[in-house]
Amino acid sequence: MTRFALLLFTLFTLCAGTAVAAAGSQTIRPVELKSAPSADAASAATLPADTPVQVLQRKGAWYEVSSAQGNGWLRMLSVRGSAGAAAGGASQAKGKGKGNKSGGGFAGLRGLVTGGNPGKPAVATGVRGLSEEDLRNARPDRAELEKLLALAAEAGEARRFAAEAKLAPRQVDYLAAANEKDAAR
Amino acid sequence: MNRLRLLFVATAFAFALPAAALPLPGFGKLKSMLGHAKDVGEVSEPREIELGADISANLLGAAPLLDDAATQQYVNKVGLWLALQTERPDLPWRFGVLDSANVNAFAAPGGHVFITRGLLARLRSEDELAGVLAHEIAHVLRRHHLVAIQKSGKRGLMTDLVGVASERSGKGENWNKVISAGTELYARGLDKGDELEADRMGVVIAARGGYDAFGLPAVLQTLDAIHADDGSIALMFKTHPSPAARLLALDRAMGTQFDRYAGDGNHNRRFKPAAP
């Protein structure tokens, strides 16, 4: 069923006249497809770089995907080109930038099959206020600033809010850049 | 604090004098000596907050607050909870949702953080919201905007940032130049290194708050999939490294040691997807 859906999606994208050879996301390097969202889980397959995958869901660092070699889990940072499952992002399949990328993952598939693009945002004409020019010409709004100050939370409130959802603080050290090149990118 | 103020005043006078008349290093060198956020604050905290508030007033002049108190309060609680996990928990942290379909987020000095309605609408969980807010909080912690304003500057900017005598003085023409320089940064963007640093700190701050450390990467994946022609995200793409570059940098920095900070997602039940 999944392979058929993938084929259908590919056909739709081809009919739309785009250069996309792959649907959804693709791997950016060779990656192990795991049976569960864990590095210790068994490997179901090894996917080469540029393998097309459909993202189904995310659990922490892991995406569950469907691929030509079956379903499984892989590290989310080893794929590109998808907004993931149930995304609100753009769902049209259009090549962009270097890779053959299309947006929307599963949501994109649904959009194309029904003939619409429910996830696609309205064209941004008349978008309020935050273009480059708007920012350069901005004049202060003191009344809005006062509103901002009035909306600020207090520490006690914030702690209760966290406790309600059982958000427990953790000790984690800041990360260094992996290497100097990162800073120059 | 008073000794520090004297130091500021002395430094300000040193800068106010023409460099050629004194056996001082060039202004550029002085700037770079003082430019790093880790140095003892050249700018007092009250002044930093005042500056951030005035820059925020400009931002709000461009796009006002979303008229939805429940959403504003929710974002403030998530934001403050995160800020309480950092080295500056006592800043007067203020978070605001801007009523704009643009996809973007902003930070201003002294604890001011903004997210647009347009970006909020594309988030799928409180984890993702935490990731975005944590990135902006990092900009405040590292004083990225202050450092950038100083770097962009003229001597006048330094004099007024540092301030002379009382808090209310020094708010003349030069102060307005500082505010303009600060607002202009949103159109120009920070150094790419600052953005990558904010990403690295952001995932840590989110994890400290009990959130899924991969919330911010998940947002970056969403942004990566938005079409480049989409006008609502044009400015964000222009002023930040590409989502792909940011994801690559985070992957290298995080490795596998953050896998354990996934969180159980209970808190995501209270997240209501916003209207775009």
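User: How much space lies in the second largest cavity?
Analyst: In this predicted model, the second largest cavity holds about 110 Å³ of space.

User: Which residues lie nearest its centre?
Analyst: The second largest cavity has a lining of 13 residues, and those nearest its centre are B:Leu119, B:Val132, B:Glu136, B:Met236 and B:Arg246.

User: What lines the largest cavity?
Analyst: The lining of the largest cavity is made by 14 residues, with B:Ala105, B:His145, B:Tyr186, B:Glu195 and B:His240 nearest the centre. Strand 2 (105-108), helix 6 (126-141) and helix 9 (173-188) of chain B each give two or more residues to this lining.

User: Which element gives the most?
Analyst: Strand 2 of chain B gives the most to the lining of the largest cavity, namely three residues. By class, that lining has six nonpolar, six polar and two charged residues.

User: Changing topic to the two chains: how many residues does each bring to the contact?
Analyst: Chain A contributes 77 residues to the contact and chain B contributes 96 residues.

User: What area do chain A and chain B bury between them?
Analyst: Together they bury about 7,200 Å², and 61% of that area is on carbon and sulfur atoms. On the side of chain A, the residues that lose the most area to chain B are A:Arg170, A:Tyr174 and A:Leu175, which together account for 11% of what that side buries.

User: How many salt bridges and polar contacts are there between the chains?
Analyst: There are six salt bridges between chain A and chain B. The count of residue pairs in polar contact between these chains is 18, with both residues at pLDDT 80 or more.

User: Which elements of chain A supply at least two residues of the side that touches chain B?
Analyst: They include strand 5 (62-67) and strand 7 (79-80), as well as helix 3 (132-136), helix 4 (142-151), helix 5 (155-164) and helix 6 (181-184) of chain A. By class, the side of chain A that touches chain B consists of 39 nonpolar, 14 polar and 24 charged residues.

User: How many salt bridges does the structure hold over all chains?
Analyst: Over all chains, the structure holds 20 salt bridges. One pair crosses between chains, running from A:Arg75 in strand 6 (residues 70-75) of chain A to B:Asp259 in the segment after helix 13 (243-254) of chain B.

User: What is the N to O distance between A:Arg75 and B:Asp259?
Analyst: The side chains of A:Arg75 and B:Asp259 form their salt bridge at 2.7 Å, N to O.

Definitions and conventions:
Residues are numbered from 1 along each chain as its sequence is written. Chains are lettered from A and ligands numbered from 1 in the order in which they are written. This is a predicted model: local features need pLDDT of at least 70, side-chain atom pairs count only at pLDDT 80 or more; totals for chains, interfaces and linings use all residues. Side-chain values use heavy atoms; hydrogens and water are left out. Contact means heavy atoms within 4.5 Å. Buried area is the accessible area (1.4 Å probe) that two parts lose on being put together, summed over both. A salt bridge is a side-chain nitrogen of Lys or Arg within 4 Å of a carboxyl oxygen of Asp or Glu. A polar contact is a pair of N or O atoms within 3.5 Å; within protein, one must be able to donate a hydrogen and the other to accept it, and residues adjacent in sequence count only if both atoms are side-chain atoms. Helices (H or I, at least four residues) and strands (E, at least two) are DSSP runs, numbered from the N terminus. Ala, Val, Leu, Ile, Met, Phe, Trp, Tyr, Cys and Pro count as nonpolar, Asp, Glu, Lys and Arg as charged, and the others, Gly among them, as polar. On a 1 Å grid over the protein atoms alone, a cavity is a set of points where a 1.4 Å probe fits but cannot get out, and a pocket is an open set with protein on both sides within 12 Å along at least five of seven lines; lining residues have an atom within 4 Å of a point. Grid points are joined across faces, edges and corners, and a volume is the space filled by probe spheres set on the points.
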